[in-house]
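Colleague: I am new to this one. Could you walk me through part of it?

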Number of protein chains: 2
Amino acid sequence: MNISAGVIWKGDKLIDGVPQTLDMLRSRGKRLVFVTNNSTKSRKQYGKKFETLGLNVTEEEIFASSFAAAAYLKSINFPKEKKEDGGKKIELKPGFLMEHDKDVGAVVVGFDRYFNYYKVQYGTLCVRENPGCLFIATNRDAVTHLTDAQEWAGGGSMVGAIAGSSQREPLVVGKPSTFMMDYLANKFGILKSQICMVGDRLDTDILFGQNGGCKTLLVLSGVTTLSMLQDPSNSIQPDFYTNKISDFLSLKAATA
Amino acid sequence: MNISAGVIWKGDKLIDGVPQTLDMLRSRGKRLVFVTNNSTKSRKQYGKKFETLGLNVTEEEIFASSFAAAAYLKSINFPKEKKEDGGKKIELKPGFLMEHDKDVGAVVVGFDRYFNYYKVQYGTLCVRENPGCLFIATNRDAVTHLTDAQEWAGGGSMVGAIAGSSQREPLVVGKPSTFMMDYLANKFGILKSQICMVGDRLDTDILFGQNGGCKTLLVLSGVTTLSMLQDPSNSIQPDFYTNKISDFLSLKAATA
């Protein structure tokens, strides 16, 4: 079962009944995996966030899109990983040439609110000039949630910048690409139809689950309301929907 | 007749015979217009560049893509022009909201080597939240020539960044959009078939001229070589080609 951020908390507060729900699901032998397109936090940092919220989640249960990028490189036996260096200044004297590492074999682009021309040029040079260099996007999300007061330009900006100058389309490893589904099914030795994707957004979470051949559960505790779900213009129908994730608790009582 | 940069100079040096060629063409009543996708210099700055090179070119003869953007806005009777402010820092305290001017009716994106997350977010907010806000690109060039030592990420990066976060496609007013052709034909009261586009690149200049319904002249003094032109894989054939623009001088002698 996949559970995406937004389903678990709102702002800095846990949604009611979440710890008990996770405990109950685990006690019934369900494996929980938390997926997110956010690539700016490591597993360790996410672990800390869950801990702060009072949730008992191990690092191994967290799949951020940065992890997906690393997992993808591992899956194709990518020989090594090099990082680009940021923050340098560009001097544009006549004849100036930006040197780049010819051994870089993959440019991985994720959300970066410190992106700048130097980084774009460096990534572009690698993608364009290094033979066989991969161009991987952790996600192309238009918006992200840096603060809860408004929507902020997302990873789609950074990816769009390098796509615009390299004229290459990236391989996306985060949602809505189904790479993570394949990876999880393979890792845990299950069928994708045995995975249930739980999310609060129709056009991202639920569509992602459907594209991946998973069962889907929409919770109405986040972005999507019942009227949005039932609106005739909506073409995305989850397999199940409920008000909040902790409704699993009453379901258990009903079937006990 | 349109003449693009690259045809006129190489690096900081004029190509042989250019001043005499321009004088000769003018003396035969030809109107000269210099078009460029570079949006970072004003007409005045370009005028200075031509002056430094010893060329007698007036500001009215220079059409940079920034001018095209302004001309486009004028052509649709755009009520007023506001500029976005750059360089501010973003504080990401909880609840932080970036204010934006709700009266901005057009976001014009060109090459900007100081582009940053603030500018992308500001432009995105205007495009996404201001009703009817236009999204205009001076160009989507993958590469630009900041220095002559290598190719640099071009305006396509900045446009790609805002396209990625706004999920809108821009209206392009520079090459290869034919807006400038229509504008020039209209301004000078001529047919587009009376314009000859002179350029050194097949996939930009010559294609641009052809798309605009103009005659095209390829000069081999720049990027494109004769073997590239004659390669079976090349599908773009100009109406005319010659080694360099000053071949017009011998043409004159021959027909005199």
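Modeller: Gladly! This is a predicted model, where local features need pLDDT of at least 70, side-chain atom pairs count only at pLDDT 80 or more, and totals for chains, interfaces and linings use all residues. Residues are numbered from 1 along each chain as written, chains are lettered from A and ligands numbered from 1 in written order, and side-chain values use heavy atoms, without hydrogens and water.

Colleague: In which sense do β6(B) and β7 of chain B pair, and over how many bridges?

Modeller: Strands are DSSP runs of E, at least two residues, numbered from the N terminus, and two strands pair if DSSP finds at least two bridges between them. Residues 134–137 form β7(B), where B:Ile136 is the bridge partner of B:Val108. The pairing is parallel, over 4 bridges.

Colleague: Which strands stand at the edges of the sheet?

Modeller: The open sheet of 3 strands in chain B is ordered β6-β7-β10, with parallel pairing. Two of its strands have a single partner strand each, so one side of each lacks a neighbour in the sheet; in chain B these are β6 (106–109) and β10 (171–172).

Colleague: Which backbone oxygen does the side chain of B:Arg168 reach at 2.7 Å?

Modeller: A polar atom of the B:Arg168 side chain lies 3.3 Å from the backbone oxygen of B:Val127. At 2.7 Å, the side chain of B:Arg168 reaches the backbone oxygen of B:Cys133.

Methods: Polar contact = N/O pair within 3.5 Å; in protein donor to acceptor, adjacent residues only side chain to side chain.
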